Amino acid sequence: MASSLISRQFALSLQKNLWLSAPGCRYVSKVAPKTQVEFDYDGPSMKTSVPGPRSQELTKQLGDIQNVGAINFFCNYDESRGNYLVDVDGNRMLDIYTQISSIPIGYNHPALLKLMSNPNNLSTLVNRPALGILPPENFPEKLTESLLSVAPSGMARVQTMACGSCANENAYKAMFIWYRNKERGHNTPSEEDLSSCMINQVPGCPELSILSFMGAFHGRTMGCLATTHSKAIHKLDVPSFDWPIAPFPKLQYPLEEFTRENAQDEARCLEEVEDLIIKWRQKGKPVAGIVIEPIQAEGGDNHASPNFFKSLRNIARKHGCGFHVDEVQTGGGNTGKLWAHEHWGMDDPADIVSFSKKLLTGGYYHKDELQADKPYRIFNTWMGDPTKNLLLAEVLNVIRRENLLEEVTRSGKALLNGLYELQAQYPGLLSRARGQGTFCAIDICDDATRSSILLKARDKGVLLGGCGDRSIRFRPALVFKDYHVDIFLNIFNDVLAQHK
């Protein structure tokens, strides 16, 4: 079915809060659970191929200034609304990638625009303080009503940072400091510690390590790169640390048909984790911490069972390692819970939980014992941005007021069921549909076909992202509804039919 037909139908059907039947369309017969979000458009509208002429012109201009190899197109954010991103050529696309999973409640949400137009917030907007030394008067209050209101179980402390990479980088430092103080039995460094660290030598710069997993992505800064193992382009030519890398389970799908095999592979990986911890201790580079994503996102949307994570948490305790759960991409509600690790059902899930993206600011929650023991040990100039805490507090209000986590669960089921249907219809193209909430993915037969599908979907008005070797990942905003799922499935079906 042509996407233009879908667009014409949406304008009328959404006004009535009811999808009208359309001959030959398998997805356009569902009742939307709620009225259309008031700031949303009624569907994609494409005027040119993407990137269009204006985007190409701007890319050329920027290319004289910096590397533009990763740029897709230029955007008109003033005209973007809800689930739709508009480019500078006037193309309106259903955005199911949302700035690499970082838009929580859609573009230009009225509640956020109202917040930013409040004159009482002008000072916060125009003055960016060095939070570590000169925070504003309302900083404790704003942290309490934003980040601390959604703190993970067992954590009452949060350290703000600017982004996911610097959140993880400083979380690693916190684990190293904590581990060394445990080794000393106190937090007072010796004169030898102080002098040797200045020339990058032991004992002041100890031979400690962080254990990570193949397929992981934790950032592109130097320390984080040592724990990132998803794509060679991230790491090429950059020196790194000799830190242990464990295998991550490779689950087979459908899960219910491979229960025994998946349990065996998880057990194999857990055994390897313990072996690596022992091996690195014997090498004189003990593992101070384990870092892991609840779902390996950049590495291919790789899942593991709650039992795997519970066992890993116990291994960390057994060997005296910090346990760091990286929720930079999975946090913020797109799995149907504020934190993906909540699906594990644990009272004490982690020692550190890092965040960014949908939480709008970066940082990490931590146990009391991982609090920095001296000033300036965890520090940079800005250490976050108070305007983001203002925005986040309002985002959380919207999530609660509009029951968006319930919406995510509902639309996530619709999305995953639709992917299952398409997978059955195109078995040569699609496989391994998987997900939690709207945090979903599906594999394409090969990388070249995936690239082609992504581009054709974009030209038809749907923005998607890739991950891993051949997966397409879905990262919509929390305001992504059932009827947006229907729009996507219709267009995606058209694209796949061309490849059949």
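## Strand pairing and a packed helix

Strand β1 and strand β2 (residues 92-95) run antiparallel and are joined by three bridges. The model described here is predicted. In general, the strands of a sheet pair through backbone hydrogen bonds, in either a parallel or an antiparallel manner.

Gln296 belongs to the loop between β6 (287-292) and α12 (306-318). Is this residue, Gln296, buried or exposed? With a relative accessible area of 2%, Gln296 is buried, the cut-off for that class being under 20%. Its side chain takes part in two polar contacts described here. In one, a polar atom of the Gln296 side chain lies 2.9 Å from the backbone oxygen of Met214. In the other, the side chains of Gln296 and Asn302 are joined at 2.9 Å.

Apart from residues up to four places away in sequence, Gln296 touches Phe213, Met214, Gly215, Ala216, Phe248, Asp301 and Asn302. Of these, Phe248 is 48 residues from Gln296 along the chain, and the C-alpha atoms of the two are separated by 9.0 Å. Asp301 is likewise placed in the loop between β6 and α12, and counts as buried at 0% relative accessibility.

## The surroundings of Ser471

Ser471 is part of strand β14 (residues 471-474). A relative accessible area of 4% makes Ser471 buried. The side chains of Ser471 and Asp443 are joined by a polar contact of 2.5 Å. When neighbours within four places in sequence are set aside, the contacts of Ser471 are Gly300, Arg434, Ile442, Asp443, Arg450, Gly465 and Gly466.

## Aromatic rings and charges over rings

The structure holds 16 aromatic pairs. One of them, formed by Phe241 and Trp243, is stacked, with 4.8 Å centre to centre and 10° between the planes. Phe241 is partly exposed, at a relative accessible area of 45%, whereas Trp243 counts as buried at 9% relative accessibility. In the pair of Phe248 and Phe308, the ring centres are 5.9 Å apart and the planes stand at 70°, so this pair is edge-to-face. Phe248 lies in the loop between β5 (245-246) and α11 (259-282), while Phe308 lies in helix α12; the pair therefore ties together parts that are 60 residues apart in sequence. Both Phe248 and Phe308 are buried. Ring pairs also link these two residues with Phe213, Phe309 and Trp344 into a cluster.

Arg128 lies over the face of Trp382, at 3.6 Å from the ring centre. The charged end of Lys283 sits over the ring of Trp280, at 3.9 Å from its centre.

## Backbone geometry

Most residues other than glycine have a negative phi, and most peptide bonds are trans.

| Site | Feature | Value |
|---|---|---|
| Val50 to Pro51 | cis peptide bond | omega near 5° |
| Tyr253 to Pro254 | cis peptide bond | omega about 0° |
| Asp301 | positive phi | phi near 50° |
| Arg432 | positive phi | phi near 55° |

Pro51 is situated in the loop between α1 (3-15) and α2 (53-63). Pro254 occurs in the loop between β5 and α11, the loop in which Phe248 is also found. Arg432 has its place in strand β10 (residues 430-436) and is partly exposed, with a relative accessible area of 25%. Asp301, by contrast, is buried at 0% relative accessibility.

Note on methods. Residues are numbered from 1 along each chain as its sequence is written. This is a predicted model: local features need pLDDT of at least 70, side-chain atom pairs count only at pLDDT 80 or more; totals for chains, interfaces and linings use all residues. Side-chain values use heavy atoms; hydrogens and water are left out. Two strands pair if DSSP finds at least two bridges between them. Helices (H or I, at least four residues) and strands (E, at least two) are DSSP runs, numbered from the N terminus. Buried means under 20% relative accessible area, exposed over 50%, partly exposed in between (1.4 Å probe, protein chains only). Contact means heavy atoms within 4.5 Å. A polar contact is a pair of N or O atoms within 3.5 Å; within protein, one must be able to donate a hydrogen and the other to accept it, and residues adjacent in sequence count only if both atoms are side-chain atoms. Rings of Phe, Tyr and Trp (its six-membered ring) pair if their centres lie within 6.5 Å; planes under 30 degrees apart count as stacked, over 60 as edge-to-face and the rest as tilted. A charge sits over a ring if NZ of Lys or CZ of Arg is within 6 Å of the ring centre and within 35 degrees of the ring normal.
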